Amino acid sequence: MGQSVDELLKELTLEEKCSLLSGETFNDSQSIPRLGIEKMLMTDGPHGLRKQSDKPDHLGMNVSVPATCFPPACALGSSWNREIVYKMGEALASECRAENVAVILGPGNNIKRSPLCGRNFEYFSEDPYLASNLAAQHIKGVQSKGVGASLKHFAVNNQETKRLTLNATVDERTLREIYLTSFETAVKEGKPWTVMCAYNRLNGEFGSENKYLLNDILREEWGYDGLVVTDWGAANDRVKGLIAGQDLEMPSSGTVNDSKVEAAVKDGSLPVEYVDRAVRRLLELREKLHAAGEAEPVSYEKNHRIAEEIAEECIVLLKNEDKVLPLKAEDKVVVIGEFAEKPRFQGGGSSHINTTFLDKPLEELKKLGNVEYVKGFACAAEECDANLLAEAVEAASRADKVVICAGLPEVYETEGMDREHLNIPGAQIQLIEEMAKHNKNIIVVLSNGAPVVMPFEPQVKAIVEGYLLGQAGAEALAKVLYGKTNPSGKLAETFPQRLEDTPCFLNFPGEGYHVEYREGIFVGYRYYDTCKVKPLFCFGHGLSYTDFSYEEITVDRESMTDQEKATVRVKVKNTGAVAGKEVVELYIHDCQTDIVRPYKELKGFQKLSLEPGEEKEAVFELDKRSFAYYDVEAKDFLVQSGRFEILVGASSEDIRLKAAIEVTSTAIVKKHFYRNSTFGEIYYYEPTREIAREMMDYFERESGIDFSLGDRPADFAFRVICDFPLKTLVTFTKGRFSEQQLTELLKKLNGVSHE
């Protein structure tokens, strides 16, 4: 047993302490051999181990040791399955232990603000509830085996364009409800051993020195007690970052920043307590790693099978007209597209995995059916080759069904670069449209890390969204196409009809080094549902080879306070002929109109496995946060007292059952009123409502305004007066209501508010 953290802190010199605040190499933390402090190896994930033995880099350019490439988060998010995400974390950790990796850098949990973000393949969802719940399971799975996870990139890292210097301007409510909520559950429930800050600035402050994020929210509000590490090269002002709560700078800066910290301590501008605090957190991480015990032997064959099982849960059947799928063994099938022999299974950049094995779609399909292959097109080509097209036409003309393997080449979506459009390469579109002229049973299988537009959608019978499925995804895909596996994936993001329909179209990627999040809380389906913009495929959508009926919804109470909880039970039955899995989605609709809110928001999900004729119950627990919005003035999540609808269904559009509940807020909100506060403000604030009624009646009588002229609604006077500021009590009564009375009124209102 080595020395304790307290003992080591006493033994370390100031120079040694400062050296521990940055890396020794590109991926290793600093070591202090004389005290037995060993370096810790931190390497990329999130969906596979990328340990580079020579010339390490952060853009995936150099070769890494062989490791299992599991489905990236773009696919994993569409599983909506907490259990398999946990299982993947365990498998990832087993390979980390085999390679002496202390911390794997993942999961990535940034919100998919725009489908153009080049790194969306590494992120779970456009919805913070779904993303944060899945990330928590990823973290738990990894850390259950004695390896640290690094939740990233904290926070508001939603584009690659100018990501190292960009300033994102986000209002407080949007920040809290969308971009921080995606991390909150992951931190509170997952308890990651490390959190990685983002490169970008948020409201003017770099992620590496943003005290509001790293200390006020992460540590003080959420109770995080782990290590905060920079994204590689994200340090700006190292001393300021240390004060803000940034513990470890990576990679090594060759003592440049360590020397600045040491000098600041010596000249008195930096209290040594900040250095000790960061070093303590680093040493405490070291203790957690030492407590992990002996590593179990890793089986790469077993992990390959796990990767395949996970991939089966991630595939989304978007369209299946005339039940053209599943394929039958006797069908004469022509497979077209270069992706069939050169699969696209992962994204580009720091998460690029050197796989242990790699299944190919064409080989797996041939194992299950009567399959012929023609190339048809090169993956990145914009124009069809005439000879390849002619060959494809001839083959399609004599086939029962045509499977076209289409999608995005890796160069289209990679770390370090955003997409410019939502199109797949032109040659693929041309070929699909041409094939539809020669065969009525066209099935398009997509390999892509983010949404694409589909001008061919009306012309094809079936569309399968394969996303990026990892090294074993080809077998999973073949099983789904031939019905050996019933697809159960649901979209974790909205597929728009066109780029111009996306909520942030006018504000992505920004101007210069600045981007404004002007769409606010209306991200993804929150925007499409509220503004009634019809997407191509909605959030939560995914078909099955069987049918599910939603039989009954019950809520264990008709009303509750925001300090209580409600239990919702939903019965779901498999009414088809084959076994399947159904994701039951629960949304909340706030029936009040005082606060601008999305029409509905996801607040629960559960994946049920059902045999033919079997019925099961999905159970959800709703609490304050299920109904709350973020009130900027109160600096807290609050509930509007009133009626809420509980909406349960198979997608954000396909709502099958509804129930209602009355929720009463217990929050005591203290407001302050001024001369320019309106009558409406004091009326809609419960403690001052009676005073408001009295003063509004007085204003209607004494203002000299005739509110009865013309054909007006019965509440016309009330609605108009609500917008008048209190100071008009003086001006519109020509002083009959005096300035002194106004002062006394404000004193009374603020006295009532603060009782």
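Helix α5 meets helix α6 through P128, S132, N133, A135, A136, I139, K140 and Q143, which touch E177, I178, T181, S182, F183, E184, T185, A186, E189 and G190 in α6. By class, this contact holds seven nonpolar, seven polar and four charged residues. The model is predicted.

**Helix α5 and its two partners**

How do α5 and α6 lie against each other? Their axes come within 8 Å and cross at roughly 30°. Angles under 35 degrees count as roughly parallel, so α5 is roughly parallel to α6. The crossing is right-handed.

Helix α4 also packs against α5. On the α4 side the contact uses R82, V85, Y86, M88, G89, E90, L92 and A93. On the α5 side it uses Y129, N133, L134, Q137, H138, K140, G141 and V142. These residues divide into eight nonpolar, five polar and three charged. The crossing of α4 and α5 is right-handed.

| Helix pair | Axes come within | Crossing angle |
|---|---|---|
| α5 and α6 | 8 Å | roughly 30° |
| α4 and α5 | 7 Å | roughly 35° |

Helix α10 covers residues 272-290. Its 19 residues should span 27 Å at 1.5 Å a residue, and its end C-alpha atoms are 27 Å apart, so the two values agree. Which residues of α10 are buried? They are V275, A278, V279, R281, L282, L283, L285, R286 and L289. In an α-helix there are 3.6 residues a turn, so residues three or four places apart point the same way.

Helix α11 covers residues 300-314. It has 15 residues and reaches 21 Å from its first C-alpha to its last, close to the 21 Å expected. Its buried residues are N303, H304, I306, A307, E308, I310, A311, E312, E313 and C314. What do they pack against? Their partners are the helices α3, α4 and α15 and the strands β9, β19 and β20.

**A buried aspartate in a loop**

Strand β9 leads on to a loop. D331 is found in the loop between β9 and β10. Is D331 buried or exposed? Buried means under 20% relative accessible area. D331 has 9%, so it is buried.

Which residues does D331 touch beyond its neighbours within four places in sequence? It is in contact with N370, D400 and K401. D331 and A399 are 68 residues apart in sequence, yet their C-alpha atoms are 8.1 Å apart in space.

Definitions and conventions:
Residues numbered from 1 in each chain as written. Predicted model: local features only at pLDDT ≥ 70, side-chain atom pairs only at ≥ 80, totals over all residues. Heavy atoms only, no water. Axes fitted to C-alpha atoms, helices over the stretch in contact; angles between N-to-C directions. Helix = DSSP H or I, 4+ residues; strand = E, 2+ residues; numbered from the N terminus. Parallel < 35°, antiparallel > 145°, perpendicular 65-115°, else oblique. Left-handed = near helix turned anticlockwise from the far one by under 90°. Contact = heavy atoms within 4.5 Å. Nonpolar A, V, L, I, M, F, W, Y, C, P; charged D, E, K, R; others polar. Expected span 1.5 Å × (residues − 1). Buried < 20%, exposed > 50% of the residue type's maximum accessible area, 1.4 Å probe, protein only.
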